[in-house]
Each structure stands twice: as structure tokens, then as C-alpha cells.
Amino acid sequence: MKNFRYALLPLVVAMTYGTAAHAVEDDRIYIAPMGSYAIADNDRRNSDDGYGGTLALGFPMTSAFAFEVRGSYLDYGKRDFCTRMLIGPGANCENKKDDVWGAGAGVNWYLAGSTLGPYLHADVMGGEYTQYNAGLGWDIPLFDTFSIRAEALYHVQKPKNESDVSSDFHEVLFNLGVRIPLGAKPVAPPPPPPPPVAVVPAPPPPPVCSDGIDNDGDGAIDFPADKGCTDANDMDEYNPIC
């Protein structure tokens with residue numbers, strides 16, 4: 001349980017950073033099938049290196065943080081399982097198949113502030129053994145349809161029974177595969193339209209108040225020019241505007 005608490009520390013740090021990061025650029029759920037290769041710990045007596053695979057299902061939470069559900073399988077061929085840590089009198093060893101599977105969850109903390117590029121990874125898995133993985137990964141985008149994924153991790157295998165010292169291993173684990181997003185890539189929103197240009201209406205033409213001529217001979221300047229009227233009482237001098 002103590003080791004389990006230590007393994008959760010990278011998860012807490014990544015979640016704290018990721019929550020405060022910027023908005024998600026590509027929030028598509030993705031799957032990441034990978035081939036796995038583990039350099040066997042020398043304590044795996046007479047064992048080969050481990051070969052297998054890892055499958056991740058990822059959920060981007062922010063532009064820098066993704067949560068992943070993972071499953072893995074490693075086959076080390078056969079090794080000696082002993083009831084005692086040291087080979088010697090009284091030790092009972094059995095050479096049998098050594099394979100390790102697990103399922104659990106982890107996080108990716110993307111260093112470039114985007115859900116692509118280099119990232120720090122940490123996960124915890126359960127199964128026949130408890131497993132911890134932590135290290136560096138890289139999602140290298142090729143097209144909108146997938147990315148190349150590579151990981152170099154420090155792999156720890158712990159027995160559920162702490163007295164089982166023959167199943168406590170520390171190894172280097174490499175994963176190589178692809179990351180495939182599900183669904184169409186989000187389309188960037190169009191840029192906002194430019195602000196409208198204020199149109200200043202042209203000033204109205206000034207009113208024509210008079211032509212300065214007494215057109216009807218009534219002794220007063222007319223408004224407006226009333227050239228066709230000769231009645232002195234047509235009140236054409238009245239102009240409520242002027």
C-alpha cells in the first residue's frame with residue numbers, strides 16, 4: 001500500500017497542472033495499440049526478455065492533460081519460481097511459464113501544452129501482480145488520422161503478497177505503436193467579423209429660401225420663386241423654414 005501511494009504522486013501532479021491548462025485543441029477520444037518490450041530483471045531467474053503489447057484508451061481533459069485506461073500483457077517465456085530468495089539448500093524452484101498481465105489507469109502530461117508531442121506518463125495496473133509504469137512518451141503526428149507513439153518507461157512489478165520476494169522486479173519497458181483518434185477532427189471556429197464601419201449620412205441640402213426677386217410684383221421678395229403667379233395675395237413670401 002505504501003508503494004501504491006508513491007505511485008499516485010505523479011498522477012496528482014499531472015492532474016493539478018492539466019486542470020489549469022488552456023482549452024483543449026483536439027479533444028477526440030483515441031485508442032493507442034502498442035507493441036511492448038521489457039528488458040528482464042536479472043532476478044527473473046533463467047528468464048527471457050518480455051514481449052507483449054499495451055492498449056490505451058485516452059480521454060483528453062485539457063490541452064496538456066489526458067486520462068488513459070490501459071491494459072497490458074508481457075510474456076517472459078519461462079523462469080524459475082522459488083520459495084526462497086536465494087538458491088541453496090532447502091530452496092524449492094519450479095521452472096514454469098512467466099507471463100504478466102494487468103489493467104488500470106494512468107495520465108499523460110503533455111509538455112508542449114498540447115495533446116501531442118512529448119509527455120510524461122504514469123500509470124498503475126492491477127492483476128496477478130501490481131504494476132507501476134512511469135517515464136517519457138512522444139506522440140508524433142503524421143496525418144489527421146493517426147500519430148506514431150513511442151514510450152520509454154520504468155516498469156515495477158510487485159507481488160500482492162509482500163512475502164513473495166521472487167516476484168519483485170524493476171525493469172525498463174519500451175512501447176511503440178500508433179495513436180488513432182476517433183471521429184472527425186474539430187474545426188477551428190471562423191475568425192470574428194470586422195467591426196462595422198460607421199456610415200455618416202450626407203447633410204441634407206440647405207433649403208432654397210429665396211431667389212432674391214419679386215417675381216409677382218407684389219413688392220416683396222418671394223419664397224420660393226413663384227414666377228408663374230401674379231397674385232399679390234398668394235402669400236408666397238411666407239416660409240416657415242427660413
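Aspartate 123 is buried but takes part in no salt bridge, and the nearest side chain of opposite charge, that of arginine 70, lies 4.1 Å away. Buried here means under 20% relative accessible area, with exposed over 50% and partly exposed in between (1.4 Å probe, protein chains only), while a salt bridge requires a side-chain nitrogen of Lys or Arg within 4 Å of a carboxyl oxygen of Asp or Glu. Lys and Arg count as positive and Asp and Glu as negative, with His and the chain ends not counted.

Aspartate 123 belongs to strand β5 (residues 117-127), and beyond its neighbours within four places in sequence it is in contact (heavy atoms within 4.5 Å) with Arg70, Ala105, Gly106, Gln131, Tyr132 and Asn133.

## Leucine 182

Leucine 182 sits in the segment after β8 (169-181) and is partly exposed, its relative accessible area being 44%.

## The chain as a whole

Of its 242 residues, 34% count as buried.

## Basis of the values

The model is predicted, so local features need pLDDT of at least 70 and side-chain atom pairs count only at pLDDT 80 or more, whereas totals for chains, interfaces and linings use all residues. Residues are numbered from 1 along each chain as its sequence is written, and side-chain values use heavy atoms, with hydrogens and water left out.

Notes
Helix = DSSP H or I, 4+ residues; strand = E, 2+ residues; numbered from the N terminus.
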